[in-house]
Amino acid sequence: MQRHLISAADLTRDDAVLILDTAEEMARVADRPIKKLPTLRGRTVVNLFFEDSTRTRISFEAAEKRLSADVINFTAKGSSVSKGESLKDTAQTLEAMGVDAVVIRHGASGAPYRLATSGWIDAAVINAGDGTHQHPTQALLDAFTMRRRLVGRDAGIGQDLSGKRITIVGDVLHSRVARSNVDLLHTLGAEVTLVAPPTLVPVGVESWPCEISYDLDSTLSKSDAVMMLRVQRERMNAAFFPTEREYSRRYGLDGDRMAKMPEHAIVMHPGPMVRGMEITAEVADSGRCTVVEQVANGVSIRMAVLYLLLGGNEPAVTHTRPPVSHHHPSNERSAHTISADEEK
Amino acid sequence: MSKILIRGAKVLGGEPQDVLIDGQTIAQVGVGLSADGAEVVEADGKVLLPGLVDLHTHLREPGREDSETVLTGTRAAASGGYTAVFAMANTFPVADTAGVVEQVYRLGQEHGYCDVQPIGAVTVGLEGTKLAELGAMHESAAGVTVFSDDGKCVDDAVIMRRALEYVKAFGGVVAQHAQEPRLTEGAQMNEGVVSAELGLGGWPAVAEESIIARDVLLAEHVGSRVHICHLSTAGSVEIVRWAKSRGIDVTAEVTPHHLLLTDELVRTYNPVYKVNPPLRTERDVMALREALADGTIDIVATDHAPHPHEDKDCEWAAAAMGMVGLETALSVVQQTMVETGLLDWAGVADRMSFKPARIGQAQGHGRPVSAGEPASLTLVDTAYRGAVDPAGFASRSRNTPYEGRELPGRVTHTWLRGKATLVDGKLA
Ligand SMILES: [Zn+2]
């Protein structure tokens, strides 16, 4: 493992599988009466958020607290790009406080990379989303969700996603989630297809390790998972597509379209979902939609990442062999994951 | 100031000769000239060029003296072998009146390191809506002949047409920063494979090319002369080549950094590589080199853009655009054009002195190295190899993309009308 987690592209297959396996162990902590490990006791982790994201911040915070870290939340809203030195100044303040890790969310692509490589700071840097660049822990939790659902919770240990076919639909151009997922899923052996109107696909995408399609219907029957991205209504005014209705007709996922997917296939969404535009309520509420699991899995993944970056070499959890389960069919929606409400 | 004998210099890269300076002019060029009464500069094997002329420099004074001043900028110019620089108009206040251009011109004369020829803004405040007093700037003591809103594009086709027509009255030229503004909203780097991966806003080649195409057609239509600043794409080269073949009066410049660096460097997210127009691809770089060699691109201009440390020591999106270039330009040209066999030193003199002086009508610059000409000269140790160390820069700002990079060649002496401004690599 590297010292920082900036981009999903930096992870090798073995790194990624190790994180997913570690996250399975972390998920088991949630089954315990005391949902806490002493692993990061005495360590300080800062959640440095230049951009609003309550969901992501709470997820990291829950992970940090379960590992017994001291947590500082630092919100620097609105000061990111307008003032040149703000990132550096803030970083050096944190450095002076003896911070061990910085979880950073920033509106500017590359800000976490700058933070990790400019010599401003010694702490480990974890990218919690930068501009339209990367959101690696999101990709990891998505991969974790897919492995549980498509391979199996226990059967998945040590496994990657070889041969799985993943379709990512929507605003690829502005999506750090799409970028991170393409990188990680490719590393894990999956075949990825991006589906979007041509206006929402970046120029230069031809170098990405995936297929591009402008036609959703033709990809559905070949998909093991369909990930719907959030499409902002503002994009319509910037002429990325003509009308909301036309977008929904061509790229929205409704019940009819879901019916074209193989029976085992799942529907994913990084959230928050805007029902109606990219996904209908019928799909969002169906048992095939993994949005709530994704939220829960996010905590396990972030625990695993923090543990592996900061925790050293000891095993994350003692007595960790998974009990061989006889009542866990691989596609069963896990009863053991943490629900979003428990976080707060 | 009296006599100086430069002994054994390869004049424009040719056979070694002696050059005798007497006062402000070159008295004699020949073999075995007498050193009698002259201070001797042993040039043994170094290349002697006419003083370099930069058609595109940002001196930042008035308004951003923390980045650069006329004094520090002209000292940087002398260090790089320049004897004349054209100062861009995007200062605070903007150089859009006779008063501002005269001030900049006079500061250059007072300091004496390098002639400063101000460029006047095309439109008031660079706002692109109302023509600045082009005639008054031309008639001022500064004698402005080049007009540019550089930093911004004159994107309104009617304003551009009028400016091109208007400057015909006094033989002026409009230098266009070709950047279609709508196509480059939020642009952070070249649009392509790397921008797609990095998630940085794309600056597409077509935003440059479409303006160049429009402007050469406008120049043809009104029978005027247009100069294209910092050409950066292979497509732009093709358009200029086509325009020239059609007889359109267009000239074009390329910066040293566009001859050497590519957008792959942006992967470091180091804002020292953030520049406008952005670093392009390897294919573009090769096309630019070839176009400079075959004359499609007329000149090298630095686009020397000094910024203080804090404007670059931040995240990419927040950083200022631009690089300093006066002190490294000749080295980059030596590496990319001479050592690749694309240009000889006479070609370098043409692209970095003769032609820029002609385009900008810089009196007394870009002259042949021969008897009776002004003694504005540059002596280059072409065998030198060394890593670039910004700590030694004369420029007030250090935002160079070449820190630690080994570049060939070093200017050892510069003379401005017989007066040494640089001696043995040290400012006089
Ligand atoms: Zn410019």
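How many residues has helix α1 of chain A, and what span does the helix reach from its first C-alpha to its last?

## Helix α1 of chain A

Helix α1(A) covers residues 13-29, has 17 residues and reaches 25 Å from first to last C-alpha, close to the 24 Å expected at 1.5 Å a residue. Helices are DSSP runs (H or I, at least four residues), numbered from the N terminus, and the expected span is 1.5 Å times one less than the number of residues. Of the 17 residues of α1(A), 14 are buried, so the helix is largely enclosed by the rest of the structure. Buried denotes under 20% relative accessible area (1.4 Å probe, protein chains only).

## Basis of the model

The model is predicted: local features need pLDDT of at least 70, side-chain atom pairs count only at pLDDT 80 or more, and totals for chains, interfaces and linings use all residues. Residues are numbered from 1 along each chain as its sequence is written, and side-chain values use heavy atoms, with hydrogens and water left out.

## Cysteines

A search of the whole structure finds 0 disulfides (cysteine sulfur pairs within 2.5 Å) over all chains. The sulfur of Cys153(B) lies 10 Å from the closest cysteine sulfur, in Cys229(B), too far for a bond. Cys153(B) is buried at 11% relative accessibility, and Cys210(A) is buried at 16%.

## Interface between chains A and B

The contact (heavy atoms within 4.5 Å) takes 25 residues from chain A and 22 residues from chain B. Within chain B, Tyr269(B), Asp313(B) and Glu315(B) lose the most area to chain A, together 35% of what that side buries.

Between the chains there are 2 salt bridges, each a side-chain nitrogen of Lys or Arg within 4 Å of a carboxyl oxygen of Asp or Glu. Asp313(B) and Lys88(A) meet in a salt bridge at 2.3 Å, N to O.

Terms used:
Chains are lettered from A and ligands numbered from 1 in the order in which they are written. Helices (H or I, at least four residues) and strands (E, at least two) are DSSP runs, numbered from the N terminus. Buried means under 20% relative accessible area, exposed over 50%, partly exposed in between (1.4 Å probe, protein chains only). Buried area is the accessible area (1.4 Å probe) that two parts lose on being put together, summed over both.
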